[in-house]
Amino acid sequence: MNINNPTDTSTCESDTWECALDAAGLGVWDWDLRTGQCKYSEPWCRMLGYERRDFADDAELWLMLIHPDDRERAIHSGDLHISGKTDRIETELRLRHKDGHWVWVLDRGAVVERDQTGRPLRVVGVQTDITRQKQAERNLRRVNERFRLALAAAGMGIWHFDIDRQQSNWDARTREVFGLEPGPEDVGSTAWHGHLHPDDQERTEREHLQALTNSTEVTLRYRIIRQDGEIRHVETLAKFVPEEDSSGFLVGTIRDVTDEVSAADALLAEKERYKVTLESISDAVISTDVDGRITFCNPAAAKMLTHTQLELNGAPFAEVFGAELAEAGSQATVDIDGDCTVTGLKSGIFKCRRSPILSSSGELSGSVCTFQDVTEEAKRQRELAYAARHDALSGLLNRVAFDEELENAIVSADQTPFAILYIDLDHFKALNDYAGHAAGDEALRMIATGVSENLPAGAVFARLGGDEFSILLPASNEVAAKTTADTVIEAVRSVDLRFTDVRQPLGCSIGIAIINDASVTSADALARADDACYAAKSAGRSRHSTFAENNNFLTSGLTAARRVAELTEAMDESRIKLFGQEIRSIEAPHEWSGRIEILARLQNRDGKIIPPGDFIPAAERFGMASTLDRWIINSALGKYGSIMEAADLTLGFNLSAQTLCDPQLWPFVESAIKKTGTPAARIAFEITETAAVTCFETANQFVRKARRHGCTVCLDDFGSGLSSFDYLRRFPIDCIKIDGSFVENLTESRFDRAIVSSITGIAKELGLRIVAEKIEDEATVEQLRQIGVTFGQGFHLHRPEPLAKLVERRLPTSLKQSA
């Protein structure tokens, strides 16, 4: 064949071959080893972007076009064939295209002519453009590399099973999953079966067969027992691949999913715990998706909404609760009542808290709402708020609320004057003593109701404590205030006490103060009304009096508030003076007995002594009684505690109700005893029935502790209350002090003598000492002696005098210096 002249039939068997080569894109080269010329066909030139005329018949032409990296390999391939070492030339190489890119060609050739000695004379070859094939191979390598990296990253092994040969082929990773050492990829047909966990074997083999019968991809998880005996969870993907002339292959992947299974089991257990928790808690829990549809609700939520969980799942949150709550922030309170537009909701008040559900990328995927039923809490809060401002017995405003109302009224007093009515009940203590505290409480309730019904609009009515009330009344002058005061007096007088068998009707004294100055303090405003009330009581009770700066009852400054302030300053300045009154034996009434009752007197800065009746009630009213009692105990024991034993001195202390109700009273006394070195047996405490009944349990505990440590406890004012004898049974006391009202008229009253005689007999029977109060003459002493009373106290026996003077006079000479 003449490749330079296709029409020359002398060297070409047929044009058909030339056309076929041209159509196939095969480039032919013809190398004459004798001349060194190499001819290239037209298709070969076009393959590289040239025309035939562009090249000379140069055997070195291809060496100029070949890629440097392919040169040595191509030359070597030719040399091997020409030297007879290979049957033919066959190599892949790159030739430069006219536009500069490289064309991959498959070069194949062979010696076609030899001389008589066998020496090669001519070599002919064909070059095929395989650029696309090489590109495909390159792409396939890249895909294979990515696939290999993906498998490695996923820890995934590849296997296949030849059905005809019953032979498995496992890659290195598959062997590693099964715990096998590195080795050949071909493994026996029983290798896989031998590693299956017995409990999973039947199911796993059955599911693998599905891939063969259904020609579908099968994904399954099962357990294997590794070579070292460890049990692992694996996941397999298997698919049947058919093949001609054979039964086909089962191919697949395998990976160890033990950690995933463990994590999933842990997650499932955690979810189950959360589910059980959510199912158990009383708070309603509802979760929604990003579109606001309910995806979960616990039984409490279903109960709250009076629907089943199934009915609520998928329901729009906004339709169930309304758009307002659906658009609320992280916290809200929804008040669901019977008239709610959304039907089926349980009535009540629910506190709602909403929290977003975020994906791992931070995107919102829904929300969780918790509803806490705070209906009862809200009710309790309302009740507590009401109780904080109202008196539990009467239902009226209490002292705290009254003070707030008074403060608010004073702010605008310049423009809107008002009146304060300070009300103190008359004869209320007698009602309590005769009919008992239950009757007294009922009377207070009736008074609160009766007065409230007769007050003008805008009036503020409050119980300040005990039997004291106050009214704030819009009033610019005294007339309206006095009219209201008359109405109140009549309302109190009209209270029906027939249920108590008490003949003495209740009454009240009222003090009126007109407040038209916003600069006055609330304490001063109330003190003015208190002063006026004091004047009304002094004038005969059951009447009212109006505050005026020049009223005579103000000259001494005896208001409770002012007196308490003065008392506080007096304690700081040691102006509380301790007095003492002896308790003497009736058999030797004019001889020293060593028993002294401590009394307190308040000394003004001008030196004037104020009796206890003027400041003790104020101290009790304003909660200062306990502070005063402690001050007296500390002062007396601090000065005389260390000498009381040597001086044969016993000191008696009166305890107020406030002091007796303090649970820390005995720890305080015990500390004072240890600090001052006072013998406990030289201390006596006097408590009244009224103080004891105020807080019986606390008082009872104190009495028992005091007596257990050696102190003496005496029940004071015995007989003044209806329950006096009952306290002899309930209190473990040492002595009783007969109320002075039964002693002062003892010589003239047969009734009083009978009472004192009865009390004395019972006391002796119980082994108690007896003290009679208010002994004013010798005849009373004689009468008490005949009755059998052992001790007495009163002005006839000893008038109170400064405690320091009394003790010093009675001390032995050896102790006077230390005292």
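Which residues make a nonpolar surface patch of about 290 Å²? In this predicted model, local features are reported only where pLDDT is at least 70 and side-chain atom pairs count only at pLDDT 80 or more, whereas totals for chains, interfaces and linings use all residues. Residues are numbered from 1 along each chain as its sequence is written, and side-chain values use heavy atoms, with hydrogens and water left out.

The patch is made by Val290, Leu358 and Leu364, where a patch consists of residues with over 30% relative accessible area and no salt bridge, like charges being joined within 9 Å and nonpolar side chains (Val, Leu, Ile, Met, Phe, Trp, Tyr) within 5 Å. A salt bridge is here a side-chain nitrogen of Lys or Arg within 4 Å of a carboxyl oxygen of Asp or Glu, and accessible areas come from the Shrake-Rupley method with a 1.4 Å probe, only the protein chains shown counting as cover for residues. Leu358 belongs to strand β15 (residues 348–358), and with a relative accessibility of 51% Leu358 counts as exposed (buried means under 20% relative accessible area, exposed over 50%, and partly exposed in between, with a 1.4 Å probe and protein chains only).

Over the protein chain, 31 helices and 31 strands are found, these being DSSP runs numbered from the N terminus (helices H or I, at least four residues; strands E, at least two). Of the 819 residues in the protein chain, 44% are buried, and the accessible surface comes to about 42800 Å², with 50% of that area belonging to carbon and sulfur atoms.

The largest nonpolar core has 75 residues, and those with the most contacts inside it are Ile576, Phe653, Phe685, Phe702, Ile736 and Leu784; such a core is a set of buried Ala, Val, Leu, Ile, Met, Phe, Trp, Tyr and Cys residues joined through side-chain atoms within 4.5 Å. Helix α22 (residues 625–640) gives the most to this core, with seven residues. A second, separate core of 31 residues includes Leu425, Ala443, Ala481 and Leu497.

The structure also holds nine aromatic pairs, in which rings of Phe, Tyr and Trp (its six-membered ring) have centres within 6.5 Å, with planes under 30 degrees apart counted as stacked, over 60 as edge-to-face and the rest as tilted. One of these pairs, between Phe653 and Phe685, is tilted, with 6.4 Å from centre to centre and 40° between the planes. Because Phe653 lies in strand β25 (residues 650–655) and Phe685 in strand β26 (residues 683–688), this pair ties together parts that are 32 residues apart in sequence. Phe685 also pairs with Phe702 in an edge-to-face arrangement, at 5.4 Å centre to centre and 70° between the planes. Since Phe702 lies in helix α26 (residues 696–708) and Phe685 in strand β26, the parts tied together here are 17 residues apart in sequence. Phe685 is buried at 1% relative accessibility, as is Phe702 at 5%. Elsewhere, ring pairs link Tyr40, Trp44, Tyr50 and Phe55 into a cluster.

Gln166, in the loop between β6 (156–162) and β7 (167–170), has a positive phi near 55° although it is not a glycine, and Gln166 is partly exposed, with a relative accessible area of 42%. Ser574, in the loop between α20 (560–572) and β22 (576–585), has a positive phi of about 55° and is likewise not a glycine; at 45% relative accessibility, Ser574 counts as partly exposed.
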